[in-house]
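Let's take a friendly walk through a protein model and look at how some of its charged side chains pair up. Have the structure open as you read.

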Amino acid sequence: QVQLVESGGGLVQAGGSLRLSCAASGSIFSINAMGWRRQAPGKQRELVAAITSGGSTNYADFVEGRFTISRDNAKNTVYLQMNRLKPEDTAVYYCTADGVVVAPHEMYDYWGQGTQVTVSS
């Protein structure tokens, strides 16, 4: 069983910063990509950022250089440093792990439980 445990969410004023962390645990041989998605009230879930095991990154257009995703492969941990936060960044942020190899010929995708990020104006 693989679990993703997020931390680092909270309340911050506009212009402030937060750092999200997500650690994957369990029977893991390797993880292809890790990332973050978010869901604001009344909106669909959307990609924020993702990073492959090789370090290639992908960001949503709305990030506009404010966020940085990084990863520690040895710890199966992904981070999201969020700077210059805006009220519209308020959402539940979910950690994702795609292509998790748990056994030979067994690969799955996993989501964390989510962490709330609230940005006040």
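Which side chain meets that of Arg66 in a salt bridge? In this predicted model, the partner is Asp89, with 2.6 Å from N to O. As background, side chains of opposite charge can pair when their charged atoms come close.

Now find the two partners along the chain. Arg66 sits in the loop between β6 (57-59) and β7 (67-72), while Asp89 sits in the loop between β8 and β9, so the pair links parts of the chain that are 23 residues apart. Arg66 and Asp89 are both buried. For Asp89, the relative accessibility is 1%, and buried means under 20%, so Asp89 counts as buried.

Stay with Asp89 for a moment, as its side chain also meets that of Arg38 in a salt bridge, at 2.9 Å from N to O. Here, too, distant parts of the chain are linked: Arg38 belongs to strand β4 (residues 30-39), and Asp89 lies 51 residues away, in the loop between β8 (77-82) and β9 (91-103). Arg38 has a relative accessibility of 6%, so Arg38 is buried as well.

From Arg38, go on to Glu46. The side chains of Arg38 and Glu46 form a salt bridge with 2.8 Å from N to O. Is Glu46 buried or partly exposed? Its relative accessible area is 33%, so Glu46 is partly exposed.

Note on methods
Residues are numbered from 1 along each chain as its sequence is written. This is a predicted model: local features need pLDDT of at least 70, side-chain atom pairs count only at pLDDT 80 or more; totals for chains, interfaces and linings use all residues. Side-chain values use heavy atoms; hydrogens and water are left out. A salt bridge is a side-chain nitrogen of Lys or Arg within 4 Å of a carboxyl oxygen of Asp or Glu. Buried means under 20% relative accessible area, exposed over 50%, partly exposed in between (1.4 Å probe, protein chains only). Helices (H or I, at least four residues) and strands (E, at least two) are DSSP runs, numbered from the N terminus.
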